[in-house]
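Let's walk through the packing in this one, starting with rings and ending with the nonpolar cores.

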Amino acid sequence: MANYQIAGIRWAWGVVAFAALGMAPRAYSQGFMVKPMMAEVTVMPGRASVFNIEVRNTLPNESLRVECEEVALTQSMNGAWAQGKAEGDAATQPARSAAAWTEAKLSTAAIAPLEAGTVAVRVEPPRASRGTYYVGLVLRRPAPGGDGIKLVLQFLVPILINVQGPTPREAVAVSKVDLGFLRREGASVCYGRYDVANTGETIVRVGADLTVLWKSARGYQRILTRTYDEKPVLPGSTVIFARDLERALPPGSYRVQVGLRVGGRVRQRLERDIDFAGDPDVKDVVPEVALQLDPERLELQAGRGSRRSAVVTVRNPSDYAVTASCAVAAPPGLEGVVLGKVDGKEFTCAPWVTCEPSSFTIGPGGSKNLRVTASVPADTTQRPLTFANLIVESKDAAGRTTSKSSTQVVLANPGQKPTALAVAAELAISLEAEDRYAVRANFENHGETVLVPNVSLQLMAGNLDVLSNRPMECAARTVLPLGRVTATGDLDLSRVDAGGYIVRAVWEAGGAKVASQLPIKVEVIDNRRVVTVVEQTEAAPAAAAGGDAPKAPEEK
């Protein structure tokens, strides 16, 4: 049986309830939780693999019966998972649906009170499979009999299946760029939008930086830049990425530039000139102010029952005055993240940190000192390191947001040394262009300190000689505890001989090295290099068999 790998450390607990209207209301308790709420597995073609989904009965005094069903999985235009049409008509199923070769079976007919059962999910992709396939698993508690309003508790668990073997083709591109305006609850909202189409054979995780420039008498002038968080896009899907620009823009001529990131690396740049109808109530354009915070990272030492403070300086490099406010929040990377019994909330000090003054005005070219204070309660539990974000938001004279800047607050608990632990997760390779392959490696921070993602991509011969060693790109400069980072790099195999090799991603973190690797077989067909991922036992390079080592690619 092939090995499998469940990706990620972000387990979630969620509830979806469906109501059937009857004559009179009737109470119906929720009853169960599912973990994880999404599973991503890596398997070999032509092999059966089994992994488990946990179902926990939350009822204290009642056994739980749960039904499970494999369904077609689709992705809506906003990126959300959805249940597809019923099985039966193959023409209605997504092209890369795994429903035909996925089987789910409950471990028990009834789960005892406050206990957990499992759903064994068996997948067996055909031998010709490659790339990403997907299927949904519906888990539901049957509705009670009788009349009344009946709540049916149901979960849709997306299952993403990455089939190794022949290298899948990666093809993703921006298909539309636009600006929009609407009024919502009495307020005007200007939003930026771009659409991403995945016409390849593998799942991609994409985000972007979107910049808006305004056409003035002196040419185009940058107004704002917004970062769009990454979303997964299934092969065969088109997803709309849209967000509030947090600025009201007047009618006029604009240029929108999009830098599409795939796995943290900019893959495509696109720009479009737009005559934007905009907000008719806004008469002028005010460029975004990039307020400068010094230091970018503030470190304080305070244990339980103690209080420490320091100064953060805010500078206004513009030629006009701005009004600003400051606030303290938990880093987004620590919200909703769980590893085993460890919750990301344990690593934030935001409730203990204050900033004064909370609002202020900075003149042209001026600066303002903020007092940041950490007051740790005496009766709390404190990790060796905890984190918060100090956010400074500036507004112009009309009260419009012009920028948001932040600095990281790190609170150290004296006398405690944080552990450093990096863990290798998934490693995947896909065809980007002829003889050029994209490599994507995921790593996770299971320790208690911040790690810097210093990742390298190696191509090794079967005798473990390193033939090439190049740095990989990472979108994040640092990785918080329980955080996850994606590193991307390219392999040019145009000058590589046929044979067996090992693709290896190495993260040097916390004074140690952690690596993930894929054994591959390179074949030369019609003067093109064709790569197949093989199992460890199948990798038999010439060097390992006593022949010559494969030829190293030329460095460019």
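Why does Y194 count as buried? Its relative accessibility is 0%, and buried means under 20% relative accessible area, with exposed over 50% and partly exposed in between (1.4 Å probe, protein chains only). A caveat before going on: this is a predicted model, where local features need pLDDT of at least 70 and side-chain atom pairs count only at pLDDT 80 or more, while totals for chains, interfaces and linings use all residues. Residues are numbered from 1 along each chain as its sequence is written, and side-chain values use heavy atoms, leaving out hydrogens and water.

Now the rings. The structure holds six aromatic pairs (Phe, Tyr or Trp rings, the six-membered one for Trp, with centres within 6.5 Å; planes under 30 degrees apart are stacked, over 60 edge-to-face, the rest tilted). One of them joins Y194 and Y228 edge-to-face, at 5.2 Å centre to centre and 70° between the planes. Y228 is buried too, because its relative accessibility is 4%. Y194 and Y228 also form one aromatic cluster with F241, and K231 lies over the face of F241, 5.2 Å from the ring centre. Such a charge has NZ of Lys or CZ of Arg within 6 Å of the ring centre and within 35 degrees of the ring normal.

On to the cores: sets of buried Ala, Val, Leu, Ile, Met, Phe, Trp, Tyr and Cys residues joined through side-chain atoms within 4.5 Å. The largest has 31 residues, and F443 and W507 are among those touching the most other members. A second, separate core of 29 residues includes V34 and V55.
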